[in-house]
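Hi everyone, thanks for making time this morning.

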Amino acid sequence: MNRCPSAACALRAFGLRFNLPFYHTFTRSRTDEPGTMRPGLTLRWPLVLALLLAPSCAAPPSIPAPWEATEPQSAEPASTLPDTSSAVDWTRIGYSIRGKPIVATDVGGGGRRIYIIGSIHGDEPECAPVAAHIAELLSASPGLDHSTVRIVCDMNPDGTAAKTRTNTRKVDLERNWPAKDFQKASGGSGDRPCSELETAAVHADILKFNPDIIIIFQSANLSPTVTYQGAGRMLAYEFTSGARRADPHWRFNPEQRIRVQGSLESLFGSDLGKTVLRVEFQRKVPAETNAAAMVAGLRALDAQPATAAPGPVAAKTAPGRK
Ligand SMILES: [Zn+2]
């Protein structure tokens with residue numbers, strides 16, 4: 001719906017702009033009168049040129065299409081987009097490299113701004129369904145008096161479709177952020193910060209949304225855990241306490257402050273001093289169970305005073321940094 005087949009799109013734009021006869025040849029519908037066709041045989045060369053040069057309309061000109069020329073983009077496996085029949089109003093905030101929409105929704109209208117990234121690693125299938133469930137639960141019954149929550153369902157839909165940690169260009173989107181400690185050589189981090197469409201789109205959306213708190217979902221073969229980066233130690237504790245009221249397995253680990261170079265946690269937590277919570281779901285736990293815990297955690301955050309005292313900021317810094 002948001003895509004257009006590349007060759008047809010380029011042809012249409014080219015033919016319309018220059019009013020070339022071949023345009024009618026290739027856009028005649030079944031209802032066209034035979035007499036309206038104008039073959040324009042002498043002008044076939046622009047068509048060949050257009051087909052040769054036509055990029056995908058959904059892909060940016062600066063990033064080459066990663067799929068094989070013989071592989072139509074429509075052959076991509078469907079991404080795990082949220083159920084569109086639900087009451088949630090998902091809006092596209094960007095595209096993946098392969099043209100899948102990255103969608104988000106807002107709930108609540110309060111002053112505390114919370115930004116949730118539902119999934120970043122495509123081989124962690126527990127994550128995006130939780131984000132979709134949270135959106136449904138909060139849309140049906142917000143229960144948030146002081147907060148506006150934006151939920152990005154999945155910022156790596158290509159990885160999710162292919163069941164890979166990275167995006168389709170083998171970049172780990174967790175390491176592709178413009179943090180001070182970004183390192184090009186660091187494990188598939190990309191050539192430069194925000195080199196990937198997915199990171200660029202979500203980064204721009206975060207800056208526009210201007211959150212106080214960012215929560216990122218991951219999953220692992222561990223007990224469900226919340227860690228944090230940046231200022232909000234008490235908020236992280238309260239969030240986990242809320243989650244534990246729904247599911248007592250949840251733990252807050254104030255010591256385990258993960259520093260991945262070039263990560264969202266580095267950028268918004270360490271560099272900019274925002275509260276970043278990293279939520280690790282336990283593998284294979286149903287999305288409904290995790291969503292209930294996350295909603296309870298969000299409501300606990302919502303109940304905190306807006307000027308909650310920040311916890312200690314001192315994060316372990318990477319070598320070579322202050
Ligand atoms: Zn992960």
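**A walk across the sheet**

Let's start at a pairing: strand β5 and strand β8 (residues 275-282) run parallel to each other, joined by eight bridges. If you want a place to look, I214 is opposite V276 in β8. Please keep in mind that this is a predicted model.

Now to another partner of β5. Strand β3 (residues 112-117) is also parallel to β5, through four bridges, and there I114 faces I213 in β5. How enclosed is β5 by the rest of the structure? Largely so, because six of the eight residues of this strand, 213-220, are buried.

Let's step back to the whole arrangement. The sheet is open and has eight strands with mixed pairing, in the order β1-β2-β4-β3-β5-β8-β6-β7. At the edges you find β1 (91-95) and β7 (251-252); each has a single partner strand, so one side of each lacks a neighbour in the sheet.

Staying with β1, four bridges connect this strand to β2 (residues 101-107), and the two are antiparallel. Here Y95 is opposite P101 in β2.

On to the helices. Helix α6 (residues 197-209) packs on the sheet, in contact with β1, β2, β3, β4 (147-152) and β5, and its direction is at about 135° to that of β1. Helix α7 (residues 233-246) packs on the sheet too, touching β5, β6 (225-230), β7 and β8, with its direction at about 160° to that of β6.

Terms used:
Residues are numbered from 1 along each chain as its sequence is written. This is a predicted model: local features need pLDDT of at least 70, side-chain atom pairs count only at pLDDT 80 or more; totals for chains, interfaces and linings use all residues. A residue is buried if 20 or more other C-beta atoms lie within 10 Å of its own, exposed if 12 or fewer, and partly exposed in between; C-beta atoms are placed from the backbone. Two strands pair if DSSP finds at least two bridges between them. Two residues are in contact if their C-beta atoms, placed from the backbone, lie within 7 Å. Axes are lines fitted to C-alpha atoms, for helices over the stretch in contact, and angles run from 0 to 180 degrees between N-to-C directions.
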